Amino acid sequence: MRRPAVIAALFIACLSFGPADEAWAQEDKYADYYYPPVTSEETFSRVMTGGEPADQEVRVNFVTAITKAQLAAPESPRFVIFEKGSESRNLIIVALDDEVFRTVFRARALLAQMTSNMRGTEFFRKQNLHLEGTLYDMLQVMGFTSLVVSDGATWAHRVNFAPEE
């Protein structure tokens, strides 16, 4: 019997899947360790600006808050979320069972659900993202440069966030 997972929610705007960039795959030191090689990739280029830019502490606190909520729940977590890289700019979300991210569509649904919970936070209200921002907008404002979501077995999808110009 599967128990429901505690999930912080994120809304994803228009994912378009294409072949993964082979040069990036060669440089991805997290592939084949935390997740399988990237099988699809996209670039999110919309930039919504709000208040002050986020720093590493905001990114780490974001991940810590989600993890604490998962571990405090009576159900076992069904995915892990963590940050890696210089200044904690790479966000990684990996399924812990074979059902939660069995398909990309299920991963998108989880990310969509995470958005609604994030919209209520103080940080996103200050950034004026609480009404219109999507997960991608929120992660970009927090200073993440990429997001990898994976079933932890067969596929991984990478989202690159275009830098502010």
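## Basis of the report

This is a predicted model, in which local features need pLDDT of at least 70 and side-chain atom pairs count only at pLDDT 80 or more, while totals for chains, interfaces and linings use all residues. Residues are numbered from 1 along each chain as its sequence is written, and side-chain values use heavy atoms, with hydrogens and water left out.

An open sheet of 5 strands has the order 1-5-4-3-2, and its pairing is mixed. Strand 1 and strand 2 are the edge strands, each pairing on one side only. Strands here are DSSP runs of E with at least two residues, helices are runs of H or I with at least four residues, and both are numbered from the N terminus; two strands count as paired if DSSP finds at least two bridges between them. Neighbouring strands of this sheet are turned by 15° against each other on average, direction ignored. Helix 2 packs on the sheet, where it touches strand 2 and strand 3, and its direction makes about 160° with that of strand 2. For such angles, axes are lines fitted to C-alpha atoms, for helices over the stretch in contact, and the values run from 0 to 180 degrees between N-to-C directions.

Strand 2 and strand 3 pair in the antiparallel sense over 6 bridges, with Val 80 opposite Val 94 in strand 3. These two strands form a hairpin with 5 residues between them, and Gly 85 in the turn has a positive phi of about 90°. Strand 3 is joined to strand 4 by 5 bridges, and this pair runs parallel; Ile 92 stands opposite Val 148 in strand 4, and the bridge partner of Ile 93 in strand 4 is Val 149.

Leaving aside neighbours within four places in sequence, Phe 62 is in contact (heavy atoms within 4.5 Å) with Ile 81, Leu 91, Met 118, Leu 139, Met 142 and Phe 144.

## Salt bridges

The structure holds 5 salt bridges, a salt bridge being a side-chain nitrogen of Lys or Arg within 4 Å of a carboxyl oxygen of Asp or Glu. One of them joins the side chains of Asp 137 and Arg 46 (2.5 Å, N to O). This pair links distant parts of the chain, with Asp 137 in helix 5 and Arg 46 in the loop between strand 1 (40-44) and helix 2, 91 residues apart. Asp 137 counts as buried at 1% relative accessibility, whereas Arg 46 is partly exposed, with a relative accessible area of 40%.

Asp 97 forms a salt bridge with Arg 78, the closest N and O atoms being 2.7 Å apart. Asp 97 counts as buried at 16% relative accessibility, and Arg 78 counts as buried at 16% as well. Glu 99, Arg 102 and Arg 106 are linked in a network of salt bridges, in which the closest N and O atoms of Glu 99 and Arg 102 are 3.7 Å apart. Glu 99 is partly exposed at 27% relative accessibility, while Arg 102 is exposed at 52%.

Glu 83, which belongs to strand 2, is buried yet has no salt bridge, and the nearest side chain of opposite charge, that of Lys 84, is 7.0 Å away. Not counting residues up to four places away in sequence, Glu 83 touches Val 60, Val 63, Ser 88, Asn 90 and Phe 144.

Asp 32 lies in the loop between helix 1 (22-27) and strand 1 and is exposed, with a relative accessible area of 64%. The C-alpha atoms of Asp 32 and Gly 152 are separated by 9.7 Å, although these residues are 120 residues apart along the chain.

Key
Buried means under 20% relative accessible area, exposed over 50%, partly exposed in between (1.4 Å probe, protein chains only). Lys and Arg count as positive and Asp and Glu as negative; His and the chain ends are not counted.
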